[in-house]
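Please read it alongside the sequence and the coordinates.

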Amino acid sequence: MANTPFYVPKLRDNGAWADYRNLVTGGFGWRYDRALTKVRFVANHHSVTQPTFNTKKDVDNILAIHRANGWGGIGYHFIITSEEVNGKDGLRYARVAYVGDIGSVRAHTPNTKGALGLKAGFGNEDIIATCMIGMLHQKNPTDAQIRSAYWLYRELVTQEPTRLPNLKGTLNAKLHGHSTFDPTACPGNWNWQKPRIVNYTDPPKIEKKTEVRLATIPFTAKTVDAPDIPKGEERVIQEGADGEKQVTWEVTYTNGKETSRKIVSEKIIRPAVEKITGIGSYVEPEKPVEPPVEPPVEPEPTNPWEWLVYIIKKLYEALTRK
Ligand SMILES: [Zn+2]
C-alpha cells in the first residue's frame, strides 16, 4: 500500500488541511500502487452532493456513494469540502481532505476520450483527482473553495518537481476539468471555474494603524487701526507665537505599503498667539491760522472839527505813551 506523505503548507497553516487516509476505507489504496513519476495531470471533479459544511460528513457521503459502486474506497485523492474555516491570515478557506494516497491508482478519470496524449481508458494511472463538494452544475464553487483549490493545485503542479516531475508545469496546462477526459458534465461550469482557480491571487491585505504626532500651529497675523500711534508708523502691539497640537492619524497600509492617511482627531496643547500690528492714524490737530492784527486805519480828518479831535487825540496818546 502506498503511503505518500503530502500536505499543502498554506492550507495546513490556516487550519484547512486534513489527512483522512487513516479515517476512510482504502485511504492508502485498494487497487494498485503507481510510481509518482506517472502522474501528468490533475482532474477536477464535483461531487453532486449537497454541502454539509462538515468535512467528515462530506467525506462520508462520497465514501458511501463510491462504496456503493463496489469500489474499495473513495475514487479521488483529495476532496475540497464545503466546511469553511477562518484562516490565520484572515481569509476563508475550504478544508481539504487527503482521502486517497497519491501513490495509488483510484477510480475517477478513465479518460475514455484518450485526451492529452494519455492512453484511453487508463487515465487513472496518470491523473491525480480532486473533488469539490457541491452541485456545481447548478451553483459555482464558493470563494473559499476556489482559494483552497488554487493552493492545492499550485502545490501539486509547481512545488513538487522532485516527486512529481511529470506534473511540473503551469496550472493552465496541467489542470483540467473531468470533461476534458470523459464525456461528462463534471465538474459543472469549468469555463467559469478554471480561470478563477488558475488566476487566483490573495486579496490585498489592508491594515489600519493609528499614529499620534505633535504638530506646530503657525501663528496668524493681523493689523489694526491704532489711533494712538502717529500716522505713517507701524508698531507691533502683540508678538506672534506658534502653538502646538497633538494630531491623531489613521494610516491605511495595503500589502504593507501606506496607501492613505486621514486625521481622526486633533487636541490643542498650546494655542497660537496672533501677531497684531497697529497702523498709526494719530494726526496732531492743526492750530488755526490767525489773521495778522492790523492797526486800525484812522480816517483822515476832513474838516476842521475832525482836525481838532484828531490833534487832541494824538496829544493825549503822546502824553499817555509809556
Ligand atoms: Zn468527475
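## Domains and overall dimensions

In this predicted model, the chain is divided into domain 1, covering residues 9–198, and domain 2, covering residues 206–282. The C-alpha centres of domain 1 and domain 2 lie 64 Å apart. The chain has seven helices and 14 strands, and 30% of its 322 residues count as buried.

The C-alpha atoms of the chain fill a box of roughly 175 × 35 × 35 Å along the principal axes. The radius of gyration of the chain is 51 Å, whereas a compact globule of 322 residues would have a value near 20 Å. Among the contacts between residues at least 6 apart in sequence, 72% join residues that are at least 24 apart.

## Helix H6

Helix H6, spanning residues 190–198, has Trp190, Gln193 and Ile197 as its buried residues. Seen down the axis of H6, these buried residues fall within an arc of 65°, so they line one face of the helix.

On the face of H6 turned away from the buried side are the exposed residues Asn191, Trp192 and Pro195.

## The antiparallel sheet S9-S12-S13

Three strands form an open sheet in the order S9-S12-S13, and the pairing is antiparallel. Its edge strands are S9 (206–217) and S13, each of which pairs on one side only. From one strand to the next, the twist averages 20°.

S9 and S12 run antiparallel and are joined by twelve bridges, and threonine 216 stands opposite glutamate 244 in S12. Strand S12 (residues 243–254) is in turn joined to S13 by eleven bridges, again in the antiparallel sense; glutamate 250 has lysine 262 in S13 as its bridge partner. The hairpin of S12 and S13 has two residues between the strands, and asparagine 255 there takes a positive phi near 50°.

## The mixed sheet S10-S14-S11

A further open sheet of three strands has the order S10-S14-S11, with mixed pairing. The edge positions are taken by strand S10 (221–230) and strand S11 (234–238), each pairing on one side only. Neighbouring strands of this sheet are turned by 40° against each other on average, with direction ignored.

Between S10 and S14 the pairing is parallel and extends over seven bridges. Within that pairing, the bridge partner of aspartate 225 is isoleucine 279 in S14.

## Threonine 302

Threonine 302 is placed in the loop between strand S14 (275–282) and helix H7 (304–320). Is threonine 302 buried or exposed? Threonine 302 has 8 C-beta neighbours inside 10 Å and therefore counts as exposed, the cut-off for that class being 12 or fewer.

Although threonine 302 and threonine 248 are 54 residues apart along the chain, their C-alpha atoms are separated by 105 Å.

Notes: Residues are numbered from 1 along each chain as its sequence is written. This is a predicted model: local features need pLDDT of at least 70, side-chain atom pairs count only at pLDDT 80 or more; totals for chains, interfaces and linings use all residues. Two strands pair if DSSP finds at least two bridges between them. Helices (H or I, at least four residues) and strands (E, at least two) are DSSP runs, numbered from the N terminus. Axes are lines fitted to C-alpha atoms, for helices over the stretch in contact, and angles run from 0 to 180 degrees between N-to-C directions. A residue is buried if 20 or more other C-beta atoms lie within 10 Å of its own, exposed if 12 or fewer, and partly exposed in between; C-beta atoms are placed from the backbone. The arc is that of the directions from the helix axis to the C-beta atoms. Domain bounds come from an automatic or database domain assignment. The radius of gyration is taken over C-alpha atoms; the globule rule is 2.2 Å times the number of residues to the power 0.38. Two residues are in contact if their C-beta atoms, placed from the backbone, lie within 7 Å.
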